[in-house]
Amino acid sequence: MTEEIRCIGCGAIIQTENKEDMGYTPKSALEKGLESGEVYCQRCFRLRHYNDIHDVQMTDEDFLRLLNQIGSTDALIVNVVDIFDFNGSLISGLHRFAGNNPVLLVGNKVDILPKSLKRGKLIQWMRERCHEVGLRPVDVVLTSAKKKHEMQELLDVIEEYRDGRDVYVVGVTNVGKSTLINAIISATAGVDNVITTSQFPGTTLDRIEIPLDDGASLIDTPGIIHRHQMAHYLAKKDLRLTSPNKEIKPKVYQLNAGQTLFLGGLARFDYLQGEKTSFVVYASNELYLHRTKTDNASDFYAKHVGDLLQPPTQDDVAEFPELTRFEFSVKEPSDLVFAGLGWITIKDPGVVAGWAPKGVDVVIRKALI
Ligand code: GDP
């Protein structure tokens, strides 16, 4: 009797007979696995392989080439965006590259936003922001890839719009695209085991194809790097603190003109002109907020960045870019957005300034909430 061999990924008993059953691995793969001491079933091998090759980053030029290529094929384009960093996740010019292909917008990380926020309102707001940059998505779907919510709904909507065609999934880095693809894989793998992932060798455009049951494919593309996001200036440990991983608890501040709020040592908000009013901060619950007088704020920052005002921590202060100032005159309820870090909602008219590390975008937009 031969000894049982188990997959080191999922623990299934390895077998080489029945493709449809758990633990299947081709004979040749089993032999290789035994040689190296690492035996995976085919499904786990593919999932693992998928994760390994996912971390390919592209240059802007490669990405443009890829987008052009997508524009000239007949496909559904699924654009994944991070709702928490909406401005930072829009791909400029996507509507031009899409050509006549429909674009389905997927707003991911919906679990982070306050539950009180109505989904219909959020979708409407996303549509409006898309229209401003010329993008007209055929539909907008909200997901939480991390919680695997709404995967079936998403697949149904994709099925409806793709109409037998290939599906290209595009997005900037950090929007949760790979988490989403993995959630799709695990949602479909159990059902009919159609999942195979493969890399197309010989091109710089690494892409990962997941066959769909009618012969078309769902194609994952590498994430494009959006350089003006806070994430590129932070150490990994700080990123964990500034990226919300659960529902944000908005923090309300009553401010007079002449008052400043620090968001750790990463960003600064000055209320320059206007009546006393409330401001709401939407950022990671872990981020320390500090109120002070605008007059002293620069000295205060120089003295306390790295200790009271963290992140950055003392070790990283020397490398951390200086804060740059952007001033805005606000007329309607607006959000002052620090790319990738969060935003501050301003309800009443006034003049404000936002400061962020040099290179990180600070923008004003119509209020989301
Ligand atoms: P990619 O660069 O677009 O492939 O993004 P990843 O899948 O690597 O995800 C980037 C970060 O966002 C990781 O820390 C994920 O854990 C997190 N993330 C992804 N999806 C979600 C989500 O639905 N909700 C939350 N809260 N975080 C998510």
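## Close-up views of a predicted model

**View 1. Strands β8 and β9 sit side by side in antiparallel fashion.** Strand β8 (residues 259-263) is joined to strand β9 (residues 267-273) by five bridges, and the pairing is antiparallel.

**View 2. Stepping back from β8 and β9 shows an open sheet of five strands.** The strands follow the order β11-β8-β9-β15-β12, with antiparallel pairing. Which strands form the edges of this sheet? They are β11 (289-293) and β12 (323-330), each of which pairs on one side only. On average, neighbouring strands here are turned by 20° against each other, direction ignored. Helix α10 (residues 294-304) packs on this sheet and touches β8, β9 and β11. The direction of α10 makes about 125° with that of β11.

**View 3. A second open sheet has the order β7-β10-β14-β13-β16.** This sheet also consists of five strands, and its pairing is antiparallel. At its edges lie β7 (251-255) and β16 (362-366), each pairing on one side only. Neighbouring strands of this sheet are turned by 25° against each other on average, direction ignored.

**View 4. Strand β13 is covered on both faces.** How many of the five residues of β13 (residues 334-338) are buried? The count is five of five, so the strand is mostly covered. In a regular strand, side chains alternate between the two faces of the sheet. In β13, S334, L336 and F338 are on one side, D335 and V337 are on the other, and all are buried.

**View 5. Strand β13 has a partner on each side.** With strand β14 (residues 342-346), β13 runs antiparallel, joined by five bridges. S334 stands opposite I346 in this pair. The hairpin of β13 and β14 has three residues between the strands, and G340 in this hairpin takes a positive phi near 85°. With β16, β13 again pairs in the antiparallel sense over five bridges. Look for V337, whose bridge partner in β16 is V363.

View 6. Strand β4 (residues 166-170) is mostly covered, with four of its five residues buried. Five bridges link β1 and β4 in the parallel sense, and A75 stands opposite D166 in β4. Three bridges join β4 to strand β6 (residues 217-220), and these two strands run parallel. In that pair, V167 stands opposite L218 in β6.

View 7. D166 is a residue of strand β4. Is D166 buried or partly exposed? It counts as partly exposed because it has 19 C-beta neighbours inside 10 Å, while a buried residue needs 20 or more. D166 and A216 are 50 residues apart along the chain, yet their C-alpha atoms are separated by 5.0 Å. Leaving out residues up to four places away in sequence, D166 touches T73, A75, A216, S217 and I219.

**View 8. The largest nonpolar core gathers 46 residues.** Those with the most contacts inside this core are I77, V78, L104, V106, V167, Y168 and V169. Its largest share, six residues, comes from strand β1 (residues 75-82). Another core, of 34 residues, lies apart from it, and L261, F269, L323 and F338 are among its members. Back in the largest core, take L104 as a guide: not counting residues up to four places away in sequence, L104 touches residues including L76, V78, P137 and V138.

**View 9. A shell of 17 residues surrounds the ligand.** Which residues are the closest? They are K146, G176, K177, S178 and T179. Helix α8 (residues 177-192) provides the largest share of the shell, three residues. Sorted by class, the shell has three nonpolar, ten polar and four charged residues.

**View 10. Helix α1 lies largely in the open.** Helix α1 (residues 27-36) has ten residues, and the number buried is zero, so the helix lies largely in the open. Following α1 is G37, which has a positive phi near 80°.

Methods
Residues are numbered from 1 along each chain as its sequence is written. This is a predicted model: local features need pLDDT of at least 70, side-chain atom pairs count only at pLDDT 80 or more; totals for chains, interfaces and linings use all residues. Two strands pair if DSSP finds at least two bridges between them. Axes are lines fitted to C-alpha atoms, for helices over the stretch in contact, and angles run from 0 to 180 degrees between N-to-C directions. A residue is near a molecule or strand if its C-beta atom, placed from the backbone, lies within 6 Å of it. Ala, Val, Leu, Ile, Met, Phe, Trp, Tyr, Cys and Pro count as nonpolar, Asp, Glu, Lys and Arg as charged, and the others, Gly among them, as polar. A residue is buried if 20 or more other C-beta atoms lie within 10 Å of its own, exposed if 12 or fewer, and partly exposed in between; C-beta atoms are placed from the backbone. Two residues are in contact if their C-beta atoms, placed from the backbone, lie within 7 Å. A nonpolar core is a set of buried Ala, Val, Leu, Ile, Met, Phe, Trp, Tyr and Cys residues joined through C-beta atoms within 7 Å.
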